[in-house]
Amino acid sequence: MGPRTPVAAVRAAMPAFLPLLSDANLAAKRAALLMLNSALHHQAGVVAERVPGTVMPALLAVFDIFIERVVDLGPFKHKVDDGLPLRKVALSCVYTGLDRVPERLDLPALMPKLAQACADKAEDMCLLAHQVVARVCAVQPAAVLGAADAVLGPLETVLNKKQKQAQAGHEVERRNELLRSALRTLLAISAIDEGGEIRRLEDILEKASKKEHLAEMMAAESAQK
């Protein structure tokens with residue numbers, strides 16, 4: 001789907017396509033989420049009217065899909081979460097929706113799910129969730145303030161997590177990327193008019209400023225604004 005796809009064709013496909021967001025088949029559900037993200041990006045007007053009643057309930061449900069299984073790789077076993085790809089695409093849909101149809105999104109209902117995503121075991125999910133929360137700060141700051149405690153918890157956990165000894169170079173950089181992302185999100189919340197009055201946020205940033213490596217990252221992030 002692209003900007004040149006006939007609007008009439010996309011509109012006609014919506015009644016058949018949107019129910020797949022709730023399909024039990026994970027592949028079908030993921031394909032539907034990808035198409036939704038594309039529709040929101042290229043032809044938001046076609047799907048906008050269906051966001052509150054059809055799209056939002058489906059997206060909220062996706063954030064609770066956790067399907068973990070153990071894969072036997074011979075010498076060792078590896079845990080796989082088949083719900084992760086779905087949750088990541090759902091986050092992408094929310095991010096696109098914030099740009100294209102922000103007035104159609106139920107952000108107060110979404111904020112607990114975004115806070116949950118910020119605490120996800122998958123770092124990729126956390127990074128994307130941080131971006132979405134920062135975007136909400138700009139689009140509907142009141143929604144973030146209303147869920148401040150829920151969001152600040154996992155962000156604080158990122159900053160407080162101790163680095164494992166003898167990590168490889170790429171692991172250290174990955175860890176630093178997550179730290180920078182959490183700090184960037186905290187600063188976005190702090191930049192909201194009433195954000196600076198949140199005592200817990202003040203405490204988190206004050207503690208971060210007393211740790212040299214975090215203080216340097218925070219200064220670098222602040223300088224980019």
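## Contacts along the chain

Among contacts in the chain between residues at least 6 apart in sequence, what percentage join residues at least 24 apart? The figure is 67%. The model discussed here is predicted.

Leu84 and Leu60 are 24 residues apart along the chain, and 14 Å separates their C-alpha atoms.

## Helices and strands

The chain contains 12 helices and 2 strands. Read from the N terminus, the order of elements is α-α-α-α-β-β-α-α-α-α-α-α-α-α.

## The hairpin

Strand S1 covers residues 68-72 and strand S2 covers residues 77-81. The two strands run antiparallel and are joined by 5 bridges. Together S1 and S2 form a hairpin, with 4 residues between them. In the turn, Gly74 has a positive phi of about 90 degrees.

Which residues of S2 stand opposite Glu68 and Arg69? Glu68 is placed opposite Asp81, and Arg69 is placed opposite Val80. In a regular strand, side chains alternate between the two faces of the sheet.

## Leu84 and helix H5

Where does Leu84 lie? Leu84 belongs to helix H5, which spans residues 84-100. Leaving aside residues up to four places away in sequence, Leu84 touches Asp120, Ala122 and Met125.

## Overall size and burial

How does the radius of gyration of the chain, 19 Å, stand against the value for a compact globule? With 225 residues, such a globule would have a radius of gyration near 17 Å, so the 19 Å of the chain agrees with it. Along the principal axes, the C-alpha atoms fill a box of roughly 55 × 55 × 30 Å.

Of the 225 residues in the chain, 43% are buried. Here a residue counts as buried because its relative accessible area is under 20%.

## Surface and charge

The chain exposes about 11,800 Å².

The chain carries 28 positive and 27 negative charges.

How values were computed:
Residues are numbered from 1 along each chain as its sequence is written. This is a predicted model: local features need pLDDT of at least 70, side-chain atom pairs count only at pLDDT 80 or more; totals for chains, interfaces and linings use all residues. Side-chain values use heavy atoms; hydrogens and water are left out. The radius of gyration is taken over C-alpha atoms; the globule rule is 2.2 Å times the number of residues to the power 0.38. Buried means under 20% relative accessible area, exposed over 50%, partly exposed in between (1.4 Å probe, protein chains only). Contact means heavy atoms within 4.5 Å. Accessible areas come from the Shrake-Rupley method with a 1.4 Å probe; for residues, only the protein chains shown count as cover. Lys and Arg count as positive and Asp and Glu as negative; His and the chain ends are not counted. The place of a charge is taken as NZ of Lys, CZ of Arg, CG of Asp or CD of Glu. Two strands pair if DSSP finds at least two bridges between them.
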